[in-house]
Amino acid sequence: MLNTTGILTVLDRGVTINWDDGPTLHRITAQVRYHTAAHATAQLMRVLALQRASDDPLIFSAEDRIKADWIWREEYAPGSEDVVFWTARMAVTNQTTEDIVLDALEVLRIDSAYSGQFNVGAPTGLWRCAVEGSASLSWESWPGTTPSAGGFTRQRLLLVQPSVSNRSRPPAVLIRSLTSDPDSQNAAATEIKLELSGERFERLVVRTRTDGVLLRAGATLFSTPFQIASGDDPAELLRIAETTGTPS
């Protein structure tokens, strides 16, 4: 069933989501990759949970040549105070007087090199990931049947669950794009990448691929919103996700 015990906190300059008897996603941050129209040298701006601009919705801001607002929203079960999903997205504003080229908006990033954790109560050798776009729920296991030597890569929906876990039941984590019409020519490309190495989690990167979108001086661009949830029944989690949450 859907796990509604999740709590979002700010720890170690990042966002942590922890579900009772479920997974822990620790030290979530965000990043903007860009360069100027005049110079191809890549620039990187990290967005941490430091400068809080708003509490409802929860917004963290970072400013340099650009301003990035990292926006978090809670979605509640009908008639309840239980949080069933979190939605995260970014808004990026060009504060310079020249054009800026956006390469990627990394809305969610967990990096083990910076003490980040993606913990589902089992070593990575027991992890499996649902095949995206399959008519029925089917799995790729790590490292047995995954086509990538580096982990799991999905375009719009990542569903991970270990085959066994030290939790009461193996918890599943769902992260999906909330693009309303993925076939639309106006829909931004997204990518969800869970990188693994042997028995070790390396990083999670959830991004809108802007791929060279030109951001004019003073203009603002929003990323795709991404939804995060957990539960112990992956089929139920998929069904609920399909009918819950819309882009905002």
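## Strand 3 and its partners

Two strands pair if DSSP finds at least two bridges between them. In this predicted model, strand 2 (residues 14-18) and strand 3 run antiparallel and are joined by three bridges. Within that pairing, valine 15 lies opposite isoleucine 28 of strand 3. The two strands form a hairpin with five residues between them, and aspartate 21, in the turn, has a positive phi of about 60°.

Strand 3 covers residues 24-36. Of its 13 residues, 12 are buried, which leaves the strand mostly covered.

## Further pairings of strand 3

Strand 4 (residues 43-47) is antiparallel to strand 3, with five bridges between them. Alanine 30 has valine 47 of strand 4 as its bridge partner.

Arginine 33 is bridged to alanine 104 in strand 9. Strand 10 (residues 117-119) runs antiparallel to strand 3 and is joined to it by three bridges. Leucine 25 has phenylalanine 118 of strand 10 as its bridge partner.

## Aromatic pairs

The whole structure contains six aromatic pairs. One of them is the edge-to-face pair of tryptophan 70 and tryptophan 72, with 5.5 Å centre to centre and 70° between the planes. Both tryptophan 70 and tryptophan 72 are buried. Phe60, Trp70 and Trp72 make up one aromatic cluster.

Tryptophan 142 and phenylalanine 152 also form an edge-to-face pair, at 6.3 Å centre to centre with 70° between the planes. Tryptophan 142 lies in the loop between strand 12 (139-141) and strand 13 (151-154), while phenylalanine 152 is in strand 13, so the pair ties together parts that are 10 residues apart in sequence. Tryptophan 142 and phenylalanine 152 are both buried.

## Arginines over rings

Two contacts between an arginine and an aromatic ring can be described. Arginine 46 lies over the face of tyrosine 114, 4.5 Å from the ring centre.

The charged end of arginine 128 is placed over the ring of tryptophan 139, at 4.0 Å from its centre. Tryptophan 139 falls within strand 12 (139-141).

Methods:
Residues are numbered from 1 along each chain as its sequence is written. This is a predicted model: local features need pLDDT of at least 70, side-chain atom pairs count only at pLDDT 80 or more; totals for chains, interfaces and linings use all residues. Side-chain values use heavy atoms; hydrogens and water are left out. Buried means under 20% relative accessible area, exposed over 50%, partly exposed in between (1.4 Å probe, protein chains only). Helices (H or I, at least four residues) and strands (E, at least two) are DSSP runs, numbered from the N terminus. Rings of Phe, Tyr and Trp (its six-membered ring) pair if their centres lie within 6.5 Å; planes under 30 degrees apart count as stacked, over 60 as edge-to-face and the rest as tilted. A charge sits over a ring if NZ of Lys or CZ of Arg is within 6 Å of the ring centre and within 35 degrees of the ring normal.
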